[in-house]
2 protein chains.
Amino acid sequence: MTSKYIPSLELIEPAADGETWAVARLISRAEAGAAEVREAVGRIYKMAGRAHVIGITGVPGSGKSTLVGKLVTHLRRTGQSVAIVAIDPSSPYSGGSILGDRIRMSEHALDPGVYIRSMATRGAVGGMAHAALDVVDILDLAGFDKIIIETVGVGQDEVEIAKASHTTVVVSAPGLGDDIQAIKAGILEIADIHVVSKCDRSDANRTMTDLKTMLKDGIASVLTRDWRPPVVGTSSLTDEGFAELLAALDAHLQALDGEPGRLRRADIAAFRLRKAAETLMLERLRAEGAFGAEGPRVAERRADPYAAASAIVQQFSRETTHV
Amino acid sequence: MTSKYIPSLELIEPAADGETWAVARLISRAEAGAAEVREAVGRIYKMAGRAHVIGITGVPGSGKSTLVGKLVTHLRRTGQSVAIVAIDPSSPYSGGSILGDRIRMSEHALDPGVYIRSMATRGAVGGMAHAALDVVDILDLAGFDKIIIETVGVGQDEVEIAKASHTTVVVSAPGLGDDIQAIKAGILEIADIHVVSKCDRSDANRTMTDLKTMLKDGIASVLTRDWRPPVVGTSSLTDEGFAELLAALDAHLQALDGEPGRLRRADIAAFRLRKAAETLMLERLRAEGAFGAEGPRVAERRADPYAAASAIVQQFSRETTHV
């Protein structure tokens, strides 16, 4: 390991060899949104595509974080390496991260087959940190078998996670309040696999039954054709259900062989491309100070935002043509 | 009231007179993202700007929904009219809405001084339904004194709500789990006013003290200069604290007089403009089928998303110049 600056393109080879220092640097630069790293990320994208990308989401209090820790333990026993990208609803202003992921995952701290990275959303366009998609490719290049994207938020991030993952796991739990159950209903249909955690609790059976009833009423996976999402009960206390969860993950990966997988990968690519285009366009508009001129007129309500935005888009197209 | 189609521009006048049928139609069209309504919304924007826009957010289980209901009751006693826009993390696929807002607010159902509208986020760019900003202006035009934007999600939406509101209220509650408290920490600093709900509970004092201690350590409002966010304890059971909350809302509105208010309105306008520009650009890219050609090459990892996006942005600028 060296401390001198190494251009991102030169980090690709050691990262592909699984060198953690190179992986960590690429990730940091991608997270910072450095323009210098983008060419490297582009090349990495073309080299990647081997890992199984799993989105895990669930309402607060669902025990999702503990579940991920346990899942990692079980995946490791099968010999698979695992990377976790935890999308963290940290402060968009101070940038402070709030989760105790490193503490929670401390049992894996010395295991070179496990890599954990928390990422802040920090007011990123489109909810989920855009850079998370780059980070997934970097970890894929580094050879991790499973890459878990975990969100803590509830809402937009969950939709985006599903759009960027091969398999989406939605975690429910017994005994949550109405407020939380209502939110859960909103994310049910992004699930390829449902997990009911804390199934050592006496009220877990009802949660399982309720969920299965809802699914019987016709909620199939909206993202994987011909796939009926199973409901798996787990207990992080007793280790119950984790073998079944691993089997469900494998079964879904199998189901993605052939046409359904091709469609899903096409959806993910389309999402990735749209994100990249948004990022590039907004970067250029900001760099050109496009919002500065019209902003005050909009603030004083002398111009309306759509007319002003339309003028900006026109201006943008003329300027980029001359470049 | 008539059932024939009335162009949006012709709905402005009756909406400005407070005619609910015209307000409702404009809102529905804005929510549907109809291009026809945009010119009307642009004009409405220039006529609006009188209402006090209040963002109310809080983690699930914080009793925020009940609090909003009570707050409306107390605001109505002062003679002010109130509109509520509830941002609803409903399904992005089926579009189904999940909240029982109409039930919860049923005590206000027959009061013409109260207007309630739930809006789905439905995978909107940037988290919060873009149309919510249009809806606020329509309600402003209709003469509502207070417009409350309420979010149920946790994460990106809360940041966006703060960027679009004059005053942001963050609701905490005693006795929530660590998972939820951690999320709360992430949204603390967007608050202009903190509310600790359920302060009839015996453990509410500790929550109040914890919050005040955190604030003493220097968390000031990041959005309103020279404003120290107060901590208000409320109980929806005993009505305690609502007079204080109303006073805090008034005090913050006063604090926005002059320069701090000018800066805040400039921030809101900049945010609105950026949102409108994003919307217009993505609409045009989609309409032109810009993503269709490069998508398959990205899916097969023969092209990288940044290079492909860059090509799309170039193409976009050439095409718009010829139009």
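**View 1. Helix α3(B) passes helix α6(B) in a left-handed crossing.** A crossing is left-handed if the near helix is turned anticlockwise from the far one by less than a right angle, and right-handed if clockwise. The model is predicted: local features need pLDDT of at least 70, side-chain atom pairs count only at pLDDT 80 or more, and totals for chains, interfaces and linings use all residues. Residues are numbered from 1 along each chain as its sequence is written, while chains are lettered from A and ligands numbered from 1 in the order in which they are written. Helix α3 covers residues 38-47 of chain B and helix α6 covers residues 131-141 of chain B; their axes come within 9 Å and cross at roughly 55 degrees. Axes are lines fitted to C-alpha atoms, for helices over the stretch in contact, and angles run from 0 to 180 degrees between N-to-C directions. The two helices, α3(B) and α6(B), are therefore oblique to each other. Angles under 35 degrees count as roughly parallel, over 145 as roughly antiparallel, 65 to 115 as roughly perpendicular and the rest as oblique. From α3(B), B:V41, B:I44, B:Y45 and B:M47 meet B:D134, B:D137, B:I138 and B:L141 of α6(B). Sorted by class, this contact of α3(B) with α6(B) has six nonpolar, no polar and two charged residues. Ala, Val, Leu, Ile, Met, Phe, Trp, Tyr, Cys and Pro count as nonpolar, Asp, Glu, Lys and Arg as charged, and the others, Gly among them, as polar.

**View 2. Helices α1 (residues 8-16) and α2 (residues 20-32) of chain A have axes that come within 8 Å and cross at roughly 140 degrees.** That angle makes α1(A) oblique to α2(A). The crossing of α1(A) past α2(A) is left-handed. On α1(A) the contact is made by A:S8, A:L11, A:P14 and A:A15, and on α2(A) by A:A22, A:V23, A:R25, A:L26 and A:R29. In the contact of α1(A) with α2(A) there are six nonpolar, one polar and two charged residues. Helices (H or I, at least four residues) and strands (E, at least two) are DSSP runs, numbered from the N terminus.

**View 3. Strand β4 (residues 146-151) of chain B is largely enclosed by the rest of the structure, because six of its six residues are buried.** A residue is buried if 20 or more other C-beta atoms lie within 10 Å of its own, exposed if 12 or fewer, and partly exposed in between, with C-beta atoms placed from the backbone. One side of β4(B) has B:K146, B:I148 and B:E150, the other B:I147, B:I149 and B:T151, and both faces are covered. Strand β1 (residues 52-58) of chain B runs parallel to β4(B) and is joined to β4(B) by five bridges. Two strands pair if DSSP finds at least two bridges between them. B:V53 has B:I147 as its bridge partner in β4(B).

**View 4. A:F144 lies in the loop between α6 (131-141) and β4 (146-151) of chain A.** A:F144 counts as buried, because 25 C-beta neighbours lie inside 10 Å. Leaving out residues up to four places away in sequence, A:F144 touches A:A51, A:S81, A:V82, A:A83, A:Y115 and A:L139. Two residues are in contact if their C-beta atoms, placed from the backbone, lie within 7 Å.

**View 5. B:G292 is placed in helix α12 (residues 290-299) of chain B.** B:G292 is exposed, with 10 other C-beta atoms within 10 Å.
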